[in-house]
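Opening the notebook on a new model today. I want to go through its charged and aromatic side chains and jot down what turns up.

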Amino acid sequence: MRPTKPVSRIGKALMACAASAALATVGLAVSPASAAPAKSAAATQVKPGDVCTAADLGTRHPYIKTTEVTPEITHFKGWYITQGTTGYQSVTTSTQTTISVSVGLNGTVQGSFAVETLGTVGASLGLNVQVNYSSTSSESNTVTWNFSRPGYYGVYKGTKKVTGTYGSLNCNRIQQGNGGWALKWIEGPGSGSFTTYTTLEEGAVRCEDTVPANSIMAKAKGLLDCGSPAAKAERPAGAVAPTAKQTQDRLVQRPAPTSGTSAGQPKATGRSTQAALNCEPGAYKIDVPGKPLNWSAPLLANDGTRLRVSTFFSAHLDNWRLCNVTENNGVLEASLWNWGNGGCATIPANIANQEQAYLTTTACGEDDLQRFYIYRDVPGSPKIGVQNKHTGSMMGHDRYADGELIRQYSSGRQDGTGTYTLTGV
């Protein structure tokens, strides 16, 4: 077992987490917040400063900071109708621009937090937006339209592009002006931008048509470049070559490729060498509240951290120390060092982008996958929620059962099973 070097202080932040009477420096009392039942994530859209409960310590929700809605033309073709060629025609349009749904910079929508973010956007704007990964480039680009009058038409498909920024809310204790404590939703780590779009609309518009301002149809009419000689020229019925303005607009609207990870979440690096840790002197069990199962580190390198019953044979695999502890706005950040195998809790780098990736331990290093935020109940209660710094996901488990893996959930476990207790040993 690798020795650790205690720091010279016992951090107040750490002692506030302790649940055991063995830590005599902490005064314990029953917390009314701890008795509150879990509530549904869909029950309401939480806002910064709203009251939360102890069951929410293991959960996370998005909140929308800014939004912008703009009409976009995804497919377009200039089309000329002469007298005698009116009626239904099928027009094959060209791709004008492509809109892909994304949350953060991954270029995809992964996990419940991303879906909840886009659902919150739609609800706040009163729009039916795409909440799963999709792209307008996959839509058919053929438009069938009944042309009732001769003229120069813009045949189009379009949508409303919805962009903006979001933040992340976590439940944590806040000290009140009177010296008391309360649980409230506070802004946590994990923010970025999103892009989505509404249902595709198709149609045809002439230069002579009057259209609503800032509409998809108005955007299409703008592409016709109605004042140009090309728009006024007589020509045979059928396709019209794009004007210089249409070509330029098409080039401008081509989206740049996206890459990277979500904002505030730097790319994970490979496994590093063993790092020296400054660990707080206390050791803890991370328990399921009121029940005998707790986090137990793996004995084998290819296994994960599981719920186990503590026995004489646990070999300290159920004992954890908080190391390199810092505190910011009441939220602890720490590495979780296991007494039994000498490793640090981590999400494996090769699956860190996956919903429900399992928690394990590995050689301690300078790696945000090994750093965790700890959200706490009001003083006197040992209840906590645990969030991985790199992925932004909360720790939890699918079901209460011996041997069940501890996993990450991007929005946490909304039934309260992501709330644990930190018990001093």
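Predicted model: local features only at pLDDT ≥ 70, side-chain atom pairs only at ≥ 80, totals over all residues.

**Charges and rings**

I started with arginine 60, whose charged end sits over the ring of phenylalanine 113, 3.7 Å from the ring centre.

Next I looked for another charge over a ring and noted lysine 291, which lies over the face of tyrosine 400 at 4.5 Å from the ring centre.

**Aromatic pairs**

I counted five aromatic pairs. Phenylalanine 113 turns up again here: its ring centre is 6.1 Å from that of tyrosine 166 and the planes are at 65°, so I logged the pair as edge-to-face. Phenylalanine 113 belongs to helix H2 (residues 111–125) and tyrosine 166 to strand E7, so the pair links distant parts of the chain, 53 residues apart. I checked burial too: phenylalanine 113 is buried at 5% relative accessibility, and tyrosine 166 is buried at 4%.

Then I took phenylalanine 147 and tyrosine 153. Their ring centres are 4.9 Å apart with the planes at 80°, so this pair is edge-to-face. Phenylalanine 147 is buried, with a relative accessible area of 1%, and tyrosine 153 is buried as well, at 5%.

I also wrote down one aromatic cluster, formed by Trp295, Trp320 and Tyr420.

**Salt bridges**

My search of the whole structure gave 15 salt bridges. One of them joins glutamate 202 and lysine 157, at 3.8 Å from N to O. Why does this pair tie together parts that are 45 residues apart in sequence? Because glutamate 202 lies in strand E9 (residues 201–206) and lysine 157 in strand E7 (residues 151–175). Lysine 157 is buried at 9% relative accessible area, while glutamate 202 is partly exposed at 35%.

I looked up arginine 206 as well: it forms a salt bridge with aspartate 209, the closest N and O atoms being 3.5 Å apart. Arginine 206 counts as buried at 10%, aspartate 209 as partly exposed at 22%.

For aspartate 303 and arginine 306 I have a salt bridge at 3.0 Å, N to O. Aspartate 303 is partly exposed at 22% relative accessibility, and arginine 306 is partly exposed at 21%.

**Helix H3**

Last stop was helix H3 (residues 216–223), where I marked Ile216, Ala220 and Leu223 as buried. Down the axis of H3 the buried residues fall within an arc of 55°, so they line one face of the helix. After H3 comes aspartate 225, and I noted its positive phi, near 55°.

Notes:
Residues numbered from 1 in each chain as written. Heavy atoms only, no water. Salt bridge = Lys/Arg side-chain N within 4 Å of Asp/Glu carboxyl O. Helix = DSSP H or I, 4+ residues; strand = E, 2+ residues; numbered from the N terminus. Buried < 20%, exposed > 50% of the residue type's maximum accessible area, 1.4 Å probe, protein only. Arc of directions from axis to C-beta. Phe/Tyr/Trp six-rings, centres within 6.5 Å; stacked < 30°, edge-to-face > 60°. Lys NZ or Arg CZ within 6 Å of the ring centre and 35° of its normal.
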